[in-house]
Amino acid sequence: MFADESTVMELLIYAGQARSDAMEAIRASRQKSWNEAEQLMESSEAACREAHKIQTALIGQDEGCGKINVNLILVHAQDHLMTAMLCQDLAKEIISLRKEVFA
């Protein structure tokens, strides 16, 4: 069984949005726009939660038994999600450090 293509694309979209919002939050913090940075991080986290729901559903369908065939687009989507999560962690630290220095 292959993961539904639309499901994988949805995972990619949410993960991409999460990463983009986290990067925009870093840019906002450079401008000392703390409220904007916070709003962007909230948006990033919401998108990541949606991506994580999809990932969890796929894991449930697989049941740890290899029921879902892994193809390149699914690997790509997973990579996007992990990158987005790392980007969020780093964005939080960068924003926090900038607040300590400039706020």
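UniProt, in an unreviewed entry, lists His76 under "modified residue: Phosphohistidine". UniProt positions follow the numbering used here, feature names are shortened, and such annotations may be inferred rather than shown by experiment. Welcome to the structure around that residue: this is a predicted model, in which local features need pLDDT of at least 70 and side-chain atom pairs count only at pLDDT 80 or more, while totals for chains, interfaces and linings use all residues. Residues are numbered from 1 along each chain as its sequence is written, and side-chain values use heavy atoms, with hydrogens and water left out.

**The whole chain**

The protein chain has 3 helices and 0 strands, where helices (H or I, at least four residues) and strands (E, at least two) are DSSP runs numbered from the N terminus. Its C-alpha atoms fill a box of roughly 50 × 20 × 20 Å along the principal axes. Of the 103 residues in the protein chain, 33% are buried. Buried means under 20% relative accessible area, exposed over 50%, and partly exposed in between (1.4 Å probe, protein chains only). Among contacts (heavy atoms within 4.5 Å) between residues at least 6 apart in sequence, 79% join residues at least 24 apart.

| Residue | Relative accessibility | Class |
|---|---|---|
| Histidine 76 | 37% | partly exposed |
| Leucine 72 | 72% | exposed |
| Isoleucine 54 | 11% | buried |

Histidine 76 lies in helix α3, which covers residues 72-102. Leucine 72 lies in helix α3 too, and together with Val70 and Val75 forms a nonpolar surface patch of about 320 Å² of accessible area. Patches here are made of residues with over 30% relative accessible area and no salt bridge, with like charges joined within 9 Å and nonpolar side chains (Val, Leu, Ile, Met, Phe, Trp, Tyr) within 5 Å. A salt bridge is a side-chain nitrogen of Lys or Arg within 4 Å of a carboxyl oxygen of Asp or Glu, and accessible areas come from the Shrake-Rupley method with a 1.4 Å probe, where for residues only the protein chains shown count as cover.

**Helix α2**

Isoleucine 54 sits in helix α2. Not counting residues up to four places away in sequence, isoleucine 54 touches Thr7, Glu10, Leu11 and Tyr14. Helix α2 itself (residues 34-62) has buried residues that include Trp34, Leu40, Met41 and Leu58, and their cover includes α1 (5-30) and α3. Just after α2, glutamate 63 takes a positive phi of about 55°.
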